[in-house]
Amino acid sequence: MPREEVALVIVNGYLDVDTATELHHHLANQVHHGRRHLLLDLSSVPFMDSSGINIILKAYKETRQVGGSVGLIDPAPAVQRILDLTGVSLTVPSFESADDALAGVGDAVSRP
């Protein structure tokens, strides 16, 4: 798979109502420029609220429309708990490392 189709986005700080819109614009721009697979490194995100959840789900929907995928890399325990409680982790896979996420890009596309 050509790696030009993959964007690795490192998210730092809180992912909440104050930062979610900016992240959404950035992710939409990546998809617009042909990066169908978005890998979000959440290892430096200590807190995420419903705004962050919504952005992840929007990115998932937008990438699926173009045959792509979203993967989350190393979410902090508090963030992983939110992903689990909301059911997002059932839809959007998490990976321990960027290498694991890159290796899983093809697998995520083949899932219904």
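Contact here means that heavy atoms lie within 4.5 Å, and helices (H or I, at least four residues) and strands (E, at least two) are DSSP runs, numbered from the N terminus. What you see is a predicted model, in which local features need pLDDT of at least 70 and side-chain atom pairs count only at pLDDT 80 or more, while totals for chains, interfaces and linings use all residues. Residues are numbered from 1 along each chain as its sequence is written, and side-chain values use heavy atoms, with hydrogens and water left out.

Begin with helix α2, which covers residues 50-64. The expected span of a helix is 1.5 Å times one less than its number of residues, so the 15 residues of α2 should span 21 Å, and the 21 Å between its end C-alpha atoms agrees with this.

Next, ask which residues of α2 are buried. Buried means under 20% relative accessible area, exposed over 50%, and partly exposed in between, using a 1.4 Å probe and protein chains only. The buried residues of α2 are Ser-51, Gly-52, Ile-53, Ile-55, Ile-56, Ala-59, Tyr-60 and Thr-63, and they pack against α1 (20-32), β2 (37-44), β3 (69-73), α3 (77-86) and α4 (88-91). Ser-51 has a relative accessible area of 16%, and, leaving aside its neighbours within four places in sequence, Ser-51 is in contact with Asp-16, Val-17 and Ala-20.

Now turn to the pairing of α1 with α2. Two packed helices are described by the angle between their axes and the distance between the axes. Axes are lines fitted to C-alpha atoms, for helices over the stretch in contact, and angles run from 0 to 180 degrees between N-to-C directions. For α1 and α2 the angle is about 10 degrees and the axes are 10 Å apart. Angles under 35 degrees count as roughly parallel, over 145 as roughly antiparallel, 65 to 115 as roughly perpendicular and the rest as oblique, and therefore α1 and α2 are roughly parallel to each other. Among the residues of α1 that meet α2 are Leu-23, Leu-27 and Val-31.
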